[in-house]
Amino acid sequence: EIVNRQKPDFTGFVFYPLSKRYVSLITARSLKAKLNKNKEIGVFVNAPPEEIAAAAELGIINMVQLHGDETNAYIAELRKICTLPIIKAVTR
């Protein structure tokens, strides 16, 4: 309800099990069903590409945000099975 009232540009679902903000695909799917037409981003850390593709195929997310040690080769493999836009977080 809060997200629908605030109308953020993006809503993030954190799929990293070690995060205190972690949600499962089942929980994220349930939350997504309650949201007005938002743009949901899936936040992943070193996740198997198939896990990311599953979230995309279920219609839970509209974009992918990577926060781990994902390489260019990993991203190329992910692009083969997931057509969503991909954001790669980098640190210096």
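Author: Let's start with a term: contact, or touching, means heavy atoms within 4.5 Å. With that in hand, take I61: leaving out residues up to four places away in sequence, I61 touches F13, F15, E40, I41, G42, F44, I52, A55, A56 and L84. A word on the source: this is a predicted model, where local features need pLDDT of at least 70 and side-chain atom pairs count only at pLDDT 80 or more, while totals for chains, interfaces and linings use all residues. Residues are numbered from 1 along each chain as its sequence is written, and side-chain values use heavy atoms, with hydrogens and water left out.

I61 also belongs to the largest nonpolar core, a core being a set of buried Ala, Val, Leu, Ile, Met, Phe, Trp, Tyr and Cys residues joined through side-chain atoms within 4.5 Å. Buried means under 20% relative accessible area, exposed over 50%, and partly exposed in between (1.4 Å probe, protein chains only). This core has 19 residues, and F44, I52, I61, V64 and L66 touch the most other members. Helix 3 (49-57), strand 3 (63-66) and helix 4 (72-81) each supply at least two of its residues, and helix 4 gives the most, with 3. Helices (H or I, at least four residues) and strands (E, at least two) are DSSP runs, numbered from the N terminus.

I41, one of the I61 contacts, is also touched by T11, as are V3, L35, N38, K39 and E40, again skipping neighbours within four places. T11 sits in strand 1 (residues 11-14) and is buried because its relative accessible area is 10%.
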